[in-house]
Amino acid sequence: MTTATSNTAPGTGPAGGKPVRQTDYDPMTTPYGVNENDFPWGGPADEQAAFLLRYAILAPSTHNTQPWKFALVPGGIEVFADYSRRMPVVDPGNRELLMSVGAAIFTLRVAAEWFGMECRVTYSHSGDSERPLAVASIARREPPAQGDEAIASLFGPIVRRHTNRHPFLYSRVPEAILRRIRGLEIGGQASAAVSTDGSVNSQVSELVAAADRMQLADPQFRSELAEWIRPNWTQKSDGITGAALGMNNVASALGSWTTRVVDTGSLRAAKDRNLCAQAPVLVVLESEDSVPHWLACGELLQHLLLVVTREGLHHSYFNMPVQVPDLRVRLRALCGLSAWPQILLRIGFSLTEPSKTPRRSVEEVLSGPVI
Ligand SMILES: Cc1cc2nc3c(=O)[nH]c(=O)nc-3n(C[C@H](O)[C@H](O)[C@H](O)COP(=O)(O)O)c2cc1C
């Protein structure tokens, strides 16, 4: 066993599949070009496990911080939170950070299932940042046995899923899809509530607008947000491009600066109120507040997003009232939830394709002992 730093020789060994030289790596396109035909069928287990990570890194994360790290160990992958990427103002308890890690874990499960592997995930509750949050044991099914086809069917949407902040069509979402969403849950720890009730959604939109005004009036909130906004031509491998937020090239060049210095709370509140009130469907993910519940909620989030992407639907987030404690209490009451709201989403159809966001390479997020 050898020890690798977080910068294992780019594109070799643990990245799996065809070598990708760092100079060739474009954070906006390379990660989405992952090709299932490159799976190293005849390669060693660690190379196969590393290939699965090429899908896990496409998971959504709060502000595209990608707050995850992985280590290849005999029999599987250890999953860590990268607390150096936390957002202390908007996410002081690391709730969204841990949901992001949960989303990456679910993506790993789907990829493993697709390539005929059994993936068992054990969460660790230690709370020690040096220890893994979860261990994914990965083994080939021998002889090849029937896996979980429903999970494997979510593989295709992994590369197609993007957050879409554009207006959605008014078209109704088929009831069968809503039933499917309501039926999703992760180990009884997290579940999804769906609202198509215009009156409820309109009241929720007022909470979203109130949260926008409160948050954007706070210079510390704006500074933190600004750190993760990138121009459209960025070569950085994290953060959100202006294009993904609906900005043209010129606006995106100034996006970080204007976010830092100008309180756009009223404008943003008006825009979000409309988008939220007019959304064909709002979905609230709910769970108790604890590390394993947040991980489970992140898994549920990615499960739901891959299902809706597979069905040709789009999604975006209105988490602002979940991030403001008083408004979170009101949102819980308004939606009649039995646990705490963790994520507020809208889903619907859109004719506008969303922009991609960059990703760090697998080599950048692999650390710790490598076989
Ligand atoms: C836990 C979590 C919270 C998020 N909260 C918001 C949010 O409040 N507003 C928003 O516009 N996007 C939110 N996002 C979406 C991220 O910004 C998005 O996933 C990231 O920029 C990567 O882009 P992609 O989803 O298109 O791959 C959230 C994502 C996660 C996983």
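## Domains

The protein is assigned domain 1 (2-161 + 357-370), domain 2 (163-217 + 266-355) and domain 3 (219-262), with bounds that come from an automatic or database domain assignment. This is a predicted model, in which local features need pLDDT of at least 70, side-chain atom pairs count only at pLDDT 80 or more, and totals for chains, interfaces and linings use all residues. Residues are numbered from 1 along each chain as its sequence is written.

Where domain 1 touches domain 3, 13 residues of domain 1 are in contact with 13 residues of domain 3 (C-beta atoms, placed from the backbone, within 7 Å). The domain 1 side of this contact has five nonpolar, five polar and three charged residues; here Ala, Val, Leu, Ile, Met, Phe, Trp, Tyr, Cys and Pro count as nonpolar, Asp, Glu, Lys and Arg as charged, and the others, Gly among them, as polar.

## Around the ligand

The ligand lies between domain 1 and domain 2, because both give residues to the shell around it. Of the 17 residues around the ligand, Pro-60, Asn-64, Thr-163, Tyr-317 and Asn-319 come nearest (a residue is near if its C-beta atom, placed from the backbone, lies within 6 Å). Helix H2 (95-114) and strand S11 (314-317) are the elements that give two or more residues to this shell; helices (H or I, at least four residues) and strands (E, at least two) are DSSP runs, numbered from the N terminus. H2 gives the most, with four residues.

## A four-stranded sheet

Now for the sheet: four strands form an open sheet in the order S2-S3-S5-S4, with antiparallel pairing (at least two DSSP bridges between two strands). Strand S2 (68-73) and strand S4 (117-123) stand at the edges, each with a single partner strand, so one side of each has no neighbour in the sheet.

Notes
Two residues are in contact if their C-beta atoms, placed from the backbone, lie within 7 Å.
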